[in-house]
Amino acid sequence: MATTVRMRSQSCQWFHFRWQIWCHARSRVKFECRMQGARPLVEVVRLGLLSYQEALQVQRVYVKRHQAGPAHALLLCQHPPVYTTGIRQKAEPPSSLDRLRLLGAQVHNADRGGLITFHGPGQLVCYPILNLGSFKKSVRWYVSQLEETVISACRRFHVEASRSPHTGVWVGDNKICAIGIRCSRYVTSHGLALNCNTELSWFRHIVPCGLQGKGVTSLSAQLHRDVGVDDAVPHLLDAFADHFHCDLVENESRH
């Protein structure tokens, strides 16, 4: 019991600390938005490695910020091994979910589009929390811009990626980036997961995104050298600013 109480106390302290950071950053971003003019200003928040459940809670906080006006953010993180299912996913048999848990991964249902996929270390996860009213009120346009952002980022590594009739970004028949979003009242959440030096064997235990006969790849697999998340972040951010015609500002209060 004492251990449980201590863990809850530490969790409360963690979220209270994060809440102070978010409040401070929100005030600074609002000020800088007024100074910047017409181009939307998007706050870059580097969350590091955190659980999928924690990431969901952080996203909800940032989504709620939009109730007081546009407060765009890009949440960057990595997750411990986790399999997630989307709203298009039929309920998996309990035995299948137990099998995935025995691999050492968590399993979560998510309120995003798409089917089952994997997140883990070595994967750059980006959750854009945007009000599309500041960009273009079109979910189709938004998903297309996410895909083009990743394609541009891959091109900077001399990896020729492309779109396909299936959502996401592909190198041939191998998916290098999964995309699954949620959009409510034109405020986005969830986002994309770019494989950098992800351990691809995790994907063998599922049919990624429900696509039979398709594979997965990563920047490292394509280049035959190690390409980590830190290597990919600057290229993704530059490409995002280009394709969304926005300015990015770092949340320095986190560092």
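Is Asp-238 buried, partly exposed or exposed? Asp-238 is partly exposed, with a relative accessible area of 42%. The legends below describe views of a predicted model.

**View 1. Overview of the chain.** The chain has 255 residues, and 50% of them count as buried. Its secondary structure consists of six helices and eleven strands. Among contacts with a separation of 6 or more, 77% are between residues 24 or more positions apart. The accessible surface is about 12,700 Å², and carbon and sulfur atoms make up 52% of that area.

**View 2. The largest nonpolar core.** This core holds 40 residues, and those touching the most other members are Leu-124, Ile-176, Leu-194, Leu-219 and Phe-244. Elements that each supply at least two residues include the strands β1 (41–49), β2 (73–78) and β6 (123–129), as well as the helices α4 (139–155) and α6 (229–244). The strands β7 (169–171), β8 (174–184) and β9 (187–195) also each supply at least two.

**View 3. Surroundings of Leu-194.** Leaving aside residues up to four places away in sequence, Leu-194 touches Gly-122, Gln-123 and Leu-124, together with Val-150 and Cys-154. Ile-176, Cys-177, Leu-219 and Ala-232 are also among the residues that Leu-194 touches. A second, separate core has 18 residues, including Ala-55, Leu-56, Val-82 and Ala-193.

**View 4. The salt bridge between Asp-247 and Arg-39.** The side chains of these two residues meet at 3.1 Å, N to O. Asp-247 lies in strand β11 (residues 247–250), whereas Arg-39 lies in the loop between α1 (2–36) and β1; the two are 208 residues apart. Asp-247 counts as partly exposed because its relative accessibility is 22%. Arg-39, at 38% relative accessibility, also counts as partly exposed.

View 5. Arg-156 forms a salt bridge with Asp-238, where the closest N and O atoms are 3.7 Å apart. This pair joins the loop between α4 and β7, which holds Arg-156, to helix α6, which holds Asp-238, across 82 residues. Arg-156 also forms a salt bridge with Asp-242, with 3.2 Å between the closest N and O atoms. Asp-242 is likewise in helix α6, 86 residues from Arg-156. Arg-156 has a relative accessibility of 34% and so counts as partly exposed. For Asp-242 the relative accessible area is 47%, which means that this residue is partly exposed.

**View 6. A network of salt bridges.** Glu-147, Glu-148 and Arg-163 are linked in this network. Side chains of opposite charge can pair when their charged atoms come close. The salt bridge count for the model is nine.

Conventions: Residues numbered from 1 in each chain as written. Predicted model: local features only at pLDDT ≥ 70, side-chain atom pairs only at ≥ 80, totals over all residues. Heavy atoms only, no water. Helix = DSSP H or I, 4+ residues; strand = E, 2+ residues; numbered from the N terminus. Buried < 20%, exposed > 50% of the residue type's maximum accessible area, 1.4 Å probe, protein only. Contact = heavy atoms within 4.5 Å. Areas by Shrake-Rupley, 256 points an atom, 1.4 Å probe, with all protein chains shown as cover. Core = buried A, V, L, I, M, F, W, Y, C linked by side-chain atoms within 4.5 Å. Salt bridge = Lys/Arg side-chain N within 4 Å of Asp/Glu carboxyl O.
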